[in-house]
Amino acid sequence: MAEAEQTLNEALDAFEFGAPVVGAMRYGRGHINDTFCVHTQPEDDDCRCFILQRMSSAAFKHPDQLMANIISVTEYLGQKILAAGGDRSREAMEVIRPRDGGAYFTDSQGGAWRAYPFVEGTYCYQSAETPELFSASGRAFGRFQRMLDGFPAGTLYETIPHFHDTEDRLARLKAAVAADRLGRVKDCGPELEFVKAREGDCSVALNAMRAGELPVRVTHNDTKLNNVLIDKKSGEGLCVIDLDTVMPGLAIFDFGDSIRFGANHCAEDERDLSRVSLDLDLFSSYTAAFLEGTGGSLTPREIEYLPWGAKLMTLECGIRFLTDYLDGDTYFHISRPGQNLDRARTQFKLVSDMEAHWEEMNAAVRAAAR
Ligand code: ADP
Ligand code: GN1
Ligand code: MG
């Protein structure tokens, strides 16, 4: 697919932003969609911003289903927020319909675009600068899950089939190795050995789910710190964004993906692996905050499995980065060659560190649950 800039003007024309558009530029640090911040200038008011996104065609094969999910989830959350006396316009996403009244706009090259109001007065962080900030994100993701407790899960489309099916992710890595499309397998010996030694781990949560020990809930499934907006005034998690993967899933995976991304002090693509480690203090504070946000809705079994959620989301993400590296970087956006391999390496280093601190992680979870 061509650069999103080629059809940006078509997309800008397709939505009614309420005032003349004075600019649009690339925005944010997401790995999947092409995101732009649109500036408008009302005649006698301050400039207003909107988010305009071209949805990734590599990730999402059915934009109609994706948007149907997002509209029903945001409307459901909106009702809950209003009922609780909250601020609907800031605490939940809102879909702006294109002029033709559909849920999204299709450009002349087949690209699917959507728009949201920009949630003003918030920060979006790429790393947990303080434990308080990380805790705020944990409460927000926990609360998000609790708010969706009564959502009719059967009405949701599976926007990315087998998204957190770690066994399937492993199988796809093996297929990429077998294909070795770009001759990159030779660069990945230690990483492939690392995964091979943990093949059994890939089934731990899925086995517990199949055995009925872990319930399937409506979950976010992509709970990175940069997928929650933090209120500038209160420092609290205000609005959970990036709802592309809200689907039936495991609570421990929402917990785990936040730990993977946030409970360390390095970027996902850090090359100096000696700097990559699990920060147990951040782990503990996030655990307490996430449990607080879920409001006691997790079962004892789910709580017991939280460390597995962290380890498996990290292992799985490493497997996904490695697979994409072998496939030729077709899924995750990259800004330099080798970035997906570097990302895989940080994930595996983090998994090793979790294994080295497994008892402490379990003790921290028990302490937070007390
Ligand atoms: P991706 O799937 O590529 O991660 P996101 O939906 O997470 O895309 O958007 C990318 C970034 O854009 C976010 O991390 C955040 O910084 C910003 N963003 C997205 N939606 C909004 C919004 N409604 N208000 C403010 N910022 C937003
Ligand atoms: C992607 O969309 P974004 O950048 O918030 C990915 C996640 C990965 C993450 C790794 C839909 O998240 O699953 O864990 O990158 N999202 C999708 O940083 O694949
Ligand atoms: Mg995102």
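**Ground rules.** The model is predicted, and local features need pLDDT of at least 70, side-chain atom pairs count only at pLDDT 80 or more, and totals for chains, interfaces and linings use all residues. Residues are numbered from 1 along each chain as its sequence is written, chains are lettered from A and ligands numbered from 1 in the order in which they are written, and side-chain values use heavy atoms, with hydrogens and water left out.

**Entry 1, ligand 1.** I looked up which residues surround ligand 1, counting a residue if one of its heavy atoms lies within 4 Å of the molecule. There are 19, and the closest are N33, Q53, V119, N226 and D242. I then looked up polar contacts (pairs of N or O atoms within 3.5 Å). A polar backbone atom of N33 is 2.9 Å from an oxygen atom of ligand 1. Q53 uses a polar side-chain atom, 2.9 Å from an oxygen atom of the ligand, and D242 also has a polar side-chain atom 2.9 Å from an oxygen atom of ligand 1. Alone, ligand 1 exposes 550 Å², and the protein buries 97% of that; the areas come from the Shrake-Rupley method with a 1.4 Å probe.

I sorted the shell by class: ten residues are nonpolar, eight polar and one charged. Here Ala, Val, Leu, Ile, Met, Phe, Trp, Tyr, Cys and Pro count as nonpolar, Asp, Glu, Lys and Arg as charged, and the others, Gly among them, as polar. Why does ligand 1 lie between domain 1 (3-120) and domain 2 (131-369)? Both domains give residues to its shell, so ligand 1 lies between them. The domain bounds come from an automatic or database domain assignment.

I found 17 residues around ligand 2, the closest being H31, K224, E268, R320 and Y331. Oxygen atoms of ligand 2 lie 2.8 Å from a polar side-chain atom of K224 and 2.6 Å from one of E268. For N227, a side-chain N or O atom is 2.9 Å from an oxygen atom of ligand 2. The protein covers 98% of the 440 Å² of accessible area that ligand 2 has on its own.

The shell around ligand 2 holds seven nonpolar, four polar and six charged residues. α11 gives the most to it, three residues; helices are DSSP runs (H or I, at least four residues), numbered from the N terminus. Ligand 2 also lies between domain 1 and domain 2, because both give residues to its shell.

A pocket here is an open set of points on a 1 Å grid over the protein atoms alone, where a 1.4 Å probe fits, with protein on both sides within 12 Å along at least five of seven lines; lining residues have an atom within 4 Å of a point. The second largest pocket contains about 400 Å³ of space. I counted 18 lining residues, with A58, R169, R172, D327 and Y331 nearest the centre. α5 (166-179) and α11 (306-327) each supply at least two of the lining residues, and the largest share, five, comes from α11.

How values were computed:
Points joined across faces, edges and corners; volume = space filled by probe spheres on them. Polar contact = N/O pair within 3.5 Å; in protein donor to acceptor, adjacent residues only side chain to side chain.
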